Amino acid sequence: MAWPPAGLLEKLFETDPGRYSVTIFNAEPRVNYDRIMLSPVLSGEKSFEDIIIHGDHWYIENQIMLYKGHKVVEIDHENRIVRSEQGASAEYDKLIIATGSVPFIIPVPGHKLPGVLSYRDLDDVHAMMLAAKARGHAVVIGGGLLGLEAAAGLINRGMSVTVLHIAPTLMERQLDPAAGYLLQKELERRGIRVITKANTKEITGTDRVEAVHLDDGTIIKADIVVMAVGIRPNSGSGKEAGLAVNRGIVVNDQMQTSDPAIYALGECAEVGGMCYGLVAPLYQQANIVAAHLGGDHGAAFVPQYTATRLKVTGIDLYSAGDFGEGEDREEIVLRDANAGVYKRLILKDDKIIGAVLYGETADGPRFFDMLKNKTDTRDMRDTLIFGRAYQGAPPDPMAAVAALPDEAEICGCNGICKGKITGAITAKGLTTLDGVRAHTKASASCGSCTGLVEQLLHATLGDAYNPAAVQPMCPCTEYGHDDVRRLIIAKGLKSIPAVMQELEWKTSCGCAKCRPALNYYLVADWPGEYEDDGQSRFINERVHANIQKDGTYSVVPRMWGGMTNPKELRAIADVADKFHIPAVKVTGGQRIDLLGVKKEDLPAVWADLNAAGMVSGAAYAKGLRTVKTCVGSDWCRFGTRDSTGPGIRLEKFMWGAWTPAKVKLAVSGCPRNCAEATCKDIGVVCVDSGYDIHFAGAAGLDIKGTELLCHADSEDEALEIIVALTQLYREQARYLERIYKWAKRVGTPSILANVVTDRDKRRAYYERFVYAQTFAQIDPREERVNGKDAHEFAAMAEFGMPVAAE
C-alpha cells in the first residue's frame with residue numbers, strides 16, 4: 001500500500017464512515033509511510049518514524065485489517081477474492097490496486113552484481129545507508145529528481161559521489177539548459193562529481209560492484225551503484241487478473257479498470273493514455289476514488305499542470321509547465337550571476353505557459369497560479385519577471401502570498417489551496433505549522449511548501465504568529481524538550497515512568513525518540529539519585545562499542561590526550577591476535593580502533609585491555625570522546641606552551657560525563673593549531689599570554705569554525721571555564737543538540753554571562769559538574785567484565801532500539 005490510498009481512506013472515513021470494512025495487503029513489512037520523504041531519510045535529516053503517515057494505532061482505531069509483508073499474487077475478479085503469497089485471502093466488493101511502480105534497471109553487463117541498488121522504497125534507503133557507513137565511492141546513474149536526491153543524501157553520509165547522466169544537462173525534463181547548468185555548478189560545489197553525456201557500458205566486479213565503465217573508456221571506481229534512470233508502472237497484478245493493460249492498468253476518468261468493481265490509481269494506473277509519477281495527480285486520483293466509493297459519481301480525473309521542486313536542502317529550484325522553444329512563443333529572462341539567480345518565463349498569446357526559477361523562487365506559486373488560470377500578462381509584461389514587488393505592490397515579504405487568490409494551490413502534493421489553509425487557521429484557531437499540517441495536510445508531505453504555509457500563518461495571524469513556538473519532542477507528548485526538562489526539575493520527577501505519568505504521555509512506554517532523551521535529562525539533572533536505564537539507550541551505548549555494518553563491533557580504548565606507551569600498545573596487539581580481530585585502525589582522534597570484534601567477545605576483550613590500565617574511549621557515546629593534542633612545547637620547536645599536559649588533565653577530569661551529544665576537545669600548543677582546536681566543540685589554543693578558549697566548531701556534515709569564547713591567564717582558570725561551559729551545555733541543551741547548535745539557539749552573550757563574566761555562576765556550574773563526576777567516572781567496560789548486563793553479549797541477533805548515527 002502506498003500513500004495515495006491512505007489519503008483515500010482518510011477521505012472516505014471522513015465523508016462516509018462505516019460504509020466499508022477495509023482490508024489492506026501491503027507488500028512491505030511495515031505501516032504506510034510518505035515515500036516522497038525518503039530523500040530526507042537518506043540524507044539524515046529525518047528518521048523513518050518522522051515519515052510514517054499512520055502508525056498501527058490508526059489501523060486499529062479504524063478497524064482496518066492490515067497484512068504487512070503480504071504481496072498479492074492472485075486477483076480472482078470473477079469470484080472477487082484476493083490472495084497473498086503467504087496464503088492470506090480476502091473477499092471484496094470493491095478493490096483498489098495501488099502497486100506503484102518498479103525501477104528501471106539498465107540491462108548492462110554487471111547490473112545484477114551485489115551493490116547495484118535502486119531507489120524506490122525504504123529497503124533501498126536502508127541498503128544505501130548501510131553501504132555509506134563504509135564511506136566508499138558511490139555512482140548514481142541518472143541525473144533526474146531521484147538521482148540527484150540520492151546523490152545529495154549519499155554525500156551527506158560521507159561517501160564520494162559521481163552522477164552519470166546521459167543527457168547534456170541535469171533534470172532536462174524539468175529544467176532548461178541554463179538552469180541545469182546552475183544546478184550542476186552547485187552540486188559540484190558540494191563535492192558531487194557530475195558527468196553528462198555519459199553512456200554506461202558495463203558494471204564490473206568480482207564478487208560485488210567495483211567499477212562503472214563508460215562507452216568512451218572512462219572507468220569510475222564504485223562500491224555501490226544506484227540506478228535512478230526511471231520507473232515502470234507495476235501493472236503485473238492487473239495483467240495477471242485479466243484487466244486491460246497498456247503501459248499501466250487502463251482506467252477511465254473515474255479510475256475504474258475494465259472491471260468496474262476494481263479501481264487502480266497512482267503510478268500503476270494509466271488514465272487518458274498517460275501514467276503519472278508526481279504526487280499531485282496521484283492525490284487527485286485518490287480523492288476521485290474516495291468520492292466514487294462514497295456515491296459521488298460525478299468526480300472525474302482532469303489532467304493538470306504540476307510544479308517541480310528538488311528536495312535537496314539549500315537548493316532553490318522551481319519548474320512548471322512547458323518551457324520548450326517555439327516560433328509562437330516568447331520568453332522573458334532574468335539573470336543575476338553574482339547571486340546565482342536565473343528566472344525564465346515562457347509566454348504564448350500573452351499568457352504564461354511555463355516557468356523555470358533557480359536561486360530565487362518566492363514568486364513560483366504566483367507564476368504557477370497565473371499559468372493555471374491563463375492570466376493575461378499584457379498590462380504587467382515589462383515588470384513581470386521581477387515579481388510582485390516591482391509592480392506597484394509594497395515591499396512586504398508577505399505580499400506575494402497575500403496577493404494569491406483563495407483558490408491558488410499552495411501544497412501541490414496534497415492539492416491544498418490557500419483558502420483551505422487560511423480557513424482552517426481561522427476556524428480552528430491554529431497557531432503552528434504542525435497544527436496546519438495536522439488539519440489540512442499542507443506541508444506534511446515533501447515539505448517544499450513549508451515556507452509558503454508559514455507565510456500564510458504570518459499573514460493570517462499577524463504578530464500573534466510565533467514561528468519559534470514549541471514543537472513536541474515526539475508524538476508521545478505535547479511538550480517540547482525545554483518544557484519537559486523544566487518540569488522534571490520543578491516536579492521532582494526522578495524516573496521515566498514518573499515523567500510519563502505526570503506529564504500525561506500518550507503512549508505507555510514512549511518511543512525511540514523520547515526514551516533516550518528522558519534518560520539523559522534524568523541522568524544529568526539527578527546525579528546520584530537516578531539510575532541510568534540502559535534499555536533506554538541506543539545499541540552502541542548499551543554495549544559500549546560501535547556496531548559495524550556486518551554486525552561486529554569496534555572497540556576504542558582511551559588514550560589520554562592521544563598519548564600511549566609500549567605496555568598499552570602490546571596489550572592492544574595481544575588482544576588483536578588473541579581474538580583474531582581483522583582490522584586495527586589509527587583514528588582521527590589520536591586513538592587506536594579495533595574493528596571486527598564479535599559481540600560475545602566484547603567482555604573478554606575489555607578484560608584484557610583493563611588489565612593494561614586502559615578504560616573505555618567512549619567512541620560510541622553522547623559524551624566526551626577525545627581531547628586531541630599536539631606535542632606542544634615539550635618537543636615542538638614552535639610550541640608556545642605545553643599542550644599534552646593540559647589535554648591529559650582535561651580528559652582525565654571530564655571522561656565519563658554524559659552530554660546531550662558527543663563532545664570533542666583539542667589543545668594546540670601554539671597558534672599554528674596542529675591539533676585543529678578551532679573546529680572542535682571546545683578548543684584551546686596556547687598563546688604567549690595564556691590560553692585562548694574557543695567553542696562551537698563543527699567538522700562533520702556541517703563545517704564551522706569555532707568562536708573565541710574568552711582568554712584564560714592560567715591552566716587552572718582555563719580548566720574551570722571549560723568545565724563550567726560543558727556543564728552549562730549539559731543543563732541547557734536539548735538531547736542530540738551539538739554545542740554549535742545550542743550556542744546558536746541560546747546566543748553567545750548568554751553563555752558569556754554564565755561562564756565568563758559572572759565568576760560566581762561559573763564556579764557553581766563547575767562544582768555541579770565535579771559532583772556529577774563522582775557518580776559518572778566508572779568504567780562501563782569494567783562493569784561488564786564483572787557481569788553487568790551479561791544478557792547483552794549473547795551470540796545472537798540484536799533486537800532493540802535502532803542504531804544512532806555517530
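The largest cavity has a volume of about 80 Å³, where a cavity is a set of points, on a 1 Å grid over the protein atoms alone, at which a 1.4 Å probe fits but cannot get out, and where a volume is the space filled by probe spheres set on the points, which are joined across faces, edges and corners. The model is predicted, and local features need pLDDT of at least 70, side-chain atom pairs count only at pLDDT 80 or more, and totals for chains, interfaces and linings use all residues. Residues are numbered from 1 along each chain as its sequence is written, and side-chain values use heavy atoms, with hydrogens and water left out.

Two cavities of 30 Å³ or more are counted by this rule. The lining of the largest cavity, meaning residues with an atom within 4 Å of a point, consists of Pro646, Arg649, Leu650, Val667, Val684, Tyr691, Glu715, Ala718, Leu719 and Ile722. At least two lining residues come from each of α21 (644-654) and α22 (715-732), helices being DSSP runs of H or I with at least four residues, numbered from the N terminus; α22 gives the most, with four residues. By class, the lining holds eight nonpolar, no polar and two charged residues, with Ala, Val, Leu, Ile, Met, Phe, Trp, Tyr, Cys and Pro counted as nonpolar, Asp, Glu, Lys and Arg as charged, and the others, Gly among them, as polar.

Turning to the rings, there are 12 aromatic pairs, a pair being rings of Phe, Tyr or Trp (its six-membered ring) with centres within 6.5 Å, stacked if the planes are under 30 degrees apart, edge-to-face if over 60 and tilted otherwise. Two of these pairs are set out below.

| Pair | Centre to centre | Angle between planes | Arrangement |
|---|---|---|---|
| Tryptophan 58 and tyrosine 59 | 5.1 Å | 85 degrees | edge-to-face |
| Phenylalanine 653 and phenylalanine 769 | 6.4 Å | 10 degrees | stacked |

The phenylalanine pair links distant parts of the chain, with phenylalanine 653 in helix α21 and phenylalanine 769 in helix α25 (residues 759-776), 116 residues apart. Phenylalanine 653 is partly exposed at a relative accessible area of 24%, whereas phenylalanine 769 is buried at 0% (buried is under 20%, exposed over 50% and partly exposed in between, with a 1.4 Å probe and protein chains only). Tryptophan 58 and tyrosine 59 are both buried, and together with Phe13 they form one aromatic cluster.

The charged end of arginine 641 sits over the ring of tyrosine 691, 5.2 Å from its centre (NZ of Lys or CZ of Arg within 6 Å of the ring centre and within 35 degrees of the ring normal), and Tyr691 also belongs to the lining of the largest cavity.

Methods:
1 Å grid on protein atoms, 1.4 Å probe; cavity = no way out; pocket = protein on both sides within 12 Å on 5 of 7 lines; lining within 4 Å.
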